[in-house]
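Please consult the sequence and structure alongside the text.

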Amino acid sequence: MTIDISQLTLEQKASLLSGKDFWSTKSIDEAGIPAIVLTDGPHGVRRQAEDDDHLGINTSLPSTCFPPAVAVGSSWDRDLAARVGAAVGREARAFGVSVILGPGVNIKRSPLCGRNFEYYSEDPYLSGVLGAAHVTGLQGTGVGASIKHFAANNQETERMRISADIDERTLREIYLPAFERVVTEARPATVMCSYNKINDVYASHNRWLLTDVLRTDWGFEGAVVSDWGAVSDRVAGVAAGMDLEMPGSGGATDRQIVDAVRAGKLDEQLVEQAVERVLALTRLPHDATGEFDTDDHHALAREVAADSIVLLKNDDEVLPLRENTSVAVIGAFAAQPRFQGGGSSHLNPTRVDAALDAIRDQAQALGVTVEYCEGFTIAVSDRGERLRDEAVQASGRADIAVVFAGLGDRQESEGFDRDTLALPDDQIQLIRAVAATAARTVVVLSNGGVVSLEGWHDGVDAIVEGWLLGQAGGSALADVLFGHVNPSGHLAETIPLRLQDNPSWLNFPGEQGHVRYGEGVFVGYRYYTSANTPVRYPFGHGLSYTTFSTDALVPRATGDTTADVEVTVTNTGNRTGKHVVQLYVASAATTVRRPVRELRAFTKVELRPGQSTTVHFTLNRRSFAHWDNDFGGWVVPGGTYSIQVGANASEVLLDEPITLTGDAIPHRLTLNSTVGDWFGHPVVGPLLTQGMSAAMTDAQVLQAQDNPDLMKMVESMPMRQFITFTQGAIPVETLEQLMALSTETDS
Ligand code: BGC
């Protein structure tokens, strides 16, 4: 039904721009406008039947807890991300939810961020591709997505009022592209603005962000929803493009909107625009429809979890576990899995698989015996020494010890950041003691943010990074430990040697209301590779039970700023496995300092032993571009680029050059351009040289040639000063003509 909004009173219109309660919008029955429900998200449906709250405290109706983004990020698998989105959509339909709040595509700037478990990666391309796939899958079911938290919400400390101070190039290259990709490729129904300020302006009334970038540059046509309680100035928000305030304000902010319109301070048309966008949301399906198959969804959660596990280390092929051996399973996380993070995304799962049960089940068929010891308690306890001793004794009796370590709910969550990467001390001591006794030691980690492996890494034989894997994670870990699934996850974030090595270290989490993104575009691996700083495991790292080779890398320019790439991958081992082909682009052709290499494409392929396949990539102009603050846009400089296939961000396997013509960018000259810029200008330079030589005496020419240092100084002088110092060596009219010529001319 089409609603004629001119029939609505100003009060009614304003009322549509904020929620009725925590999770629903207001209806206007006489106008045929229904209410809809928006709820968390992202990796499942958190539908609270009663006692609403947005902190994950009150229980919600059971729904499948799929692996959170930290896991899906490590899968590097867009199809899996899309299937998770679709499954979440089916559950949302069954609950009558119209909009799911997620996924989150913020960049993991610091490994300390308490909410990193809800984000995919430190890389904007990987985050954007997976986020777009999830949204496409979700919205294919009719349910709307709310991509969040827009933008630059990269920490929990002071998240509701901190100003993220970031230069435009860094925003455009690092913190915005994942949102941009999701908006342009997957067209989410809504974008959720974040709590924080960006360069001193709250996201919830940041016109540059919500209108200039989001709508004008990217063509977003949906509604902007506030993060829960993010509105600081409702009237400025409407003017900036912030359509729906959530949750409701009990009518207070609706009245502010009405008053502002009546006082001539807010254009009613802007209110109507926002109303139209909210009305579009009410056309999303909102009646509870269909049922979801909890078994099917659990099986999907297990498949995704297994493909997200990252095998970090596997000395002497200690994994997979062998038949007819004895295994000591140690560590409380084996029996009490940590599979999701704390806060607004906390779900009530339909069931939970513990790794210990799954290991016992799978062990039987292989003649493996299992002994379990708790080893430590997740909550603080004083039984540490006794539990450790028991575990050490069990390790001594077994062929192999598998220690389940990790972070508990108290150590990381939405709402606060960590201040250390270390595992709890009792767990470190346990791992060291077991490793000193056991014939072989495997460590399995459960953690939402990166933990340090230092102090015990070298003493163990294998490390399995299990992140938070959702409700079926326990079975998925057993699948990988026994080799029923060949691990294929790769790190979506770097594991540093020291926290201090992280590029945000000196500027995280900020002070006095500001966090300065001083590292600029050098976030994560972009910094480590550029500064040649050693890391424990680089972005992109991940082992398999088989081996792969990549060869025949052939890049081919397909235009001035685009290219196609082909490369062949072969499974050279003796098990079927999945391999991620990671394509990086590096460039020296630039006027700005760029990271050593940047991920520009990837794909995951499954190959049988001996099988080969050729994969094709298309690199568009953004694969080669940087954001140019002077030009105010994306620029592809002409020159040579390296197309690289990496085993990870630090290890280049293949490297082929490609030459691109680049963009024809007008080099606009002003009086502030340096003398060097003027003489170096492709069109103006030769004219100027000609004119100057004609005007100079032979003696002046010789003097200039004999004095290179003086020439260097002159070159760096703005033309304005040069004219003053030389008392008008070049007439002002000539300069004006040349300036006009410079803007018209493409180089
Ligand atoms: C979180 C959002 C969430 C919302 C509703 C906020 O505190 O930042 O991610 O969607 O609450 O629960």
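**Ligand site and aromatic contacts**

A polar side-chain atom of Arg 159 lies 3.2 Å from an oxygen atom of the ligand, a polar contact being a pair of N or O atoms within 3.5 Å. The model is predicted, with local features needing pLDDT of at least 70 and side-chain atom pairs counting only at pLDDT 80 or more, whereas totals for chains, interfaces and linings use all residues. Residues are numbered from 1 along each chain as its sequence is written, and side-chain values use heavy atoms, with hydrogens and water left out.

- The ligand is surrounded by 15 residues, each with a heavy atom within 4 Å of the ligand; Asp 40, Arg 115, His 149, Tyr 195 and Asp 227 are the closest.
- By class, this shell comprises seven charged, five nonpolar and three polar residues. Asp, Glu, Lys and Arg count as charged, Ala, Val, Leu, Ile, Met, Phe, Trp, Tyr, Cys and Pro as nonpolar, and the others, Gly among them, as polar.

**Aromatic pairs**

- There are 15 aromatic pairs in the structure. Rings of Phe, Tyr and Trp (its six-membered ring) pair if their centres lie within 6.5 Å; planes under 30 degrees apart count as stacked, over 60 as edge-to-face and the rest as tilted.
- Tyr 525 and Phe 539 form a stacked pair, because their ring centres are 4.4 Å apart and their planes stand at 20°.
- Tyr 525 belongs to helix 17 (residues 525-531) and Phe 539 to the loop between strand 17 (535-537) and strand 18 (548-557), so this pair ties together parts 14 residues apart in sequence. Helices (H or I, at least four residues) and strands (E, at least two) are DSSP runs, numbered from the N terminus.
- Tyr 525 is buried, at 1% relative accessible area, and Phe 539 is buried at 0%; buried means under 20% (1.4 Å probe, protein chains only).
- Trp 627 and Trp 634 are edge-to-face, because their ring centres are 5.3 Å apart and their planes are at 85°. Both Trp 627 and Trp 634 are buried.
- A cluster linked by ring pairs contains Trp 76, Tyr 125, Tyr 525, Phe 539, Tyr 584 and Phe 602.

**Charges over rings**

- The charged end of Arg 78 sits over the ring of Phe 602, 4.6 Å from the ring centre; the criterion is NZ of Lys or CZ of Arg within 6 Å of the ring centre and within 35 degrees of the ring normal.
- Over the ring of Trp 634 sits the charged end of Arg 622, 3.6 Å from the centre.

Conventions. A polar contact is a pair of N or O atoms within 3.5 Å; within protein, one must be able to donate a hydrogen and the other to accept it, and residues adjacent in sequence count only if both atoms are side-chain atoms. Buried means under 20% relative accessible area, exposed over 50%, partly exposed in between (1.4 Å probe, protein chains only).
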